[in-house]
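Biologist: Could you take me through this model, one topic at a time? I shall ask brief questions as we go.

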Amino acid sequence: MTTAILDRERIKALFDLRSAANVWTGGDFEADPYPIWAKLREDAPVHEGTLHKLTGYPGEAMFQGLPEPDRAHFTAFSYAALDAAYRDPETFASSGSAIDPTTAGLENSMIYMGGSQHRRYRGLVQPSFVPAKAQWWLINWIQEAVQELINNFVNDGRAELNVDFCAAIPVLTITGSFGIPPEEALDLRAVLQDSAAVIQRLVPIVAARREEPKDDLISILVQATMQDEDGVSHQLSDGEIYAFALLLLHAGSGTTWKQMGITLANLLARPEVLARVREDRALLRPAIEESLRWVPTDPMFSRYVTKDVEFFGAELPKGAVLHLNVASANRDPARWDNPDEFDITRQARASFAFGGGPHICLGMHVARAEIRAGVSALLDRLPNLRLDPDAEAPRFIGMYERGVTEIPVLFG
């Protein structure tokens, strides 16, 4: 692998939340939404309306379950409400229509499946994403990408870590696991919203892996067999593999970089905490978990209401969309003391940073491994790592995708 060929300006254009490529999720939202969400949560666990309108975002924004103007929309803000919704997937379904997994497309991937269909498809790839498998990802793709990226700026005495580091790691990891070379990784990221273009790039890879499997994710999908509801076993069709791949590319290249940046920004803004983590790497895990709780990069997921139901004081009609504000739930004082404080020493409690229920994020352990490897390598190789005092400090931005602006640092 060589990361020197990655175009820095292109990375910035593709990954900056304020760019045209990301503004459709509200990437231009720069206010702090947490005080508004706290007030809404205090007023009622569930409110009628979409999250962005309740927050005061002036434009339209799209995300899971949006815009769907013909449906009624509600948003849940409390930990208890989200916990109840995640525990009842029959009432709060992940899709508003049936899913045809043989038809290639992100909308037919397992993230929208429910019940036994979701369990069967998730079970095919789950073994590749369990904690014990993290070493497979680290050795094959993560560690090399991390070290090569640092090589590109280690002698400069300064860097902008969001572009020079965070953005590239996950996209190189997931495309590498598909057998796509580094020089083509950004090309794939650039057309990610065009499923047909992505599939066109995957066609020869899937065909090659059917002929000669390798030690990568596409080979695992090609060789996988599953039983349908009648108990008949079959290998995945090309369409099913493409749907899996589209989901993994979206999640793998579009989430972890933001969460890594959030983690770094939190630590760099608190030099005393960063120093403690540098001296005791065991503290890196709780620091990552606290960053996940404090500012999750995806603050909302959505569910479709399958029957009329009274839910935490709100009357939800069948066919409505219930938006689950995981970011608000993660700062619910009913679950955490002083929830608005960033505190890596707080007692560990599970948050909804990776969602919850049967659809809890498949790649969460890989994401944690990427963040741990990335931050730890920076601390190993960049002495006296600190924010550049002459540059603007990182700011948290974004509506449905939260992240930070530039992370300018000095070292040495």
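Predicted model: local features only at pLDDT ≥ 70, side-chain atom pairs only at ≥ 80, totals over all residues.

Biologist: In which sense do β7 and β10 pair, and over how many bridges?

Modeller: Strand β7 (residues 300–305) and strand β10 (residues 321–325) pair in the antiparallel sense, over five bridges. Two strands pair if DSSP finds at least two bridges between them. Helices (H or I, at least four residues) and strands (E, at least two) are DSSP runs, numbered from the N terminus.

Biologist: Which strands make up the open sheet with mixed pairing, and in what order?

Modeller: That open sheet has five strands, in the order β1-β2-β10-β7-β3. Its edges are β1 (46–48) and β3 (92–93); each has a single partner strand, so one side of each is left without a neighbour in the sheet.

Biologist: And what is the order of the sheet with three strands?

Modeller: The order is β4-β14-β11, again an open sheet, and the pairing is antiparallel. The edge strands β4 (158–160) and β11 (386–387) each pair on one side only. Between β4 and strand β14 (residues 408–410) there are three bridges, and Arg158 stands opposite Leu410 in β14.

Biologist: Changing topic: where is Asp164, and why is it classed as buried?

Modeller: Asp164 belongs to helix α7 (residues 161–166). Asp164 is classed as buried because its relative accessible area is 17%; buried means under 20% relative accessible area, exposed over 50%, and partly exposed in between (1.4 Å probe, protein chains only).

Biologist: What does Asp164 touch?

Modeller: Not counting residues up to four places away in sequence, Asp164 touches Arg8, Leu149, Phe153 and Ala159. Contact means heavy atoms within 4.5 Å.

Biologist: How many cavities does a search of the whole structure find?

Modeller: The search finds two cavities of 30 Å³ or more. On a 1 Å grid over the protein atoms alone, a cavity is a set of points where a 1.4 Å probe fits but cannot get out, whereas a pocket is an open set with protein on both sides within 12 Å along at least five of seven lines; lining residues have an atom within 4 Å of a point. Grid points are joined across faces, edges and corners, and a volume is the space filled by probe spheres set on the points.

Biologist: What lines the largest cavity?

Modeller: The largest cavity holds about 100 Å³ of space. Its lining has 13 residues, and Asp16, Glu160, Asn162, Val163 and Val404 lie nearest its centre. Helix α1 (8–15) and α7 each supply at least two residues of this lining, and α1 gives the most, with three. By class, the lining of the largest cavity has six nonpolar, two polar and five charged residues. Here Ala, Val, Leu, Ile, Met, Phe, Trp, Tyr, Cys and Pro count as nonpolar, Asp, Glu, Lys and Arg as charged, and the others, Gly among them, as polar.

Biologist: And the second largest pocket: how much space lies in it?

Modeller: About 380 Å³ lies in the second largest pocket. It is lined by 24 residues, with Glu289, Arg349, Ala350, Ser351 and Arg368 nearest its centre. The largest share of that lining, five residues, comes from α15.

Biologist: Is α15 mostly covered or exposed?

Modeller: Helix α15 (residues 284–294) is mostly covered, with eight of its 11 residues buried. Among the buried residues are Leu284, Ile288 and Trp294. The buried residues of α15 pack against α2 (34–43), α13 (256–268), α14 (271–279), α17 (364–381) and β12 (396–397).

Biologist: Lastly, how many disulfides does the structure hold?

Modeller: The structure holds zero disulfides, a disulfide being a pair of cysteine sulfur atoms within 2.5 Å. The closest cysteine sulfur to that of Cys166 is in Cys361, 18 Å away, which is too far for a bond.

Conventions: Residues numbered from 1 in each chain as written. Heavy atoms only, no water.
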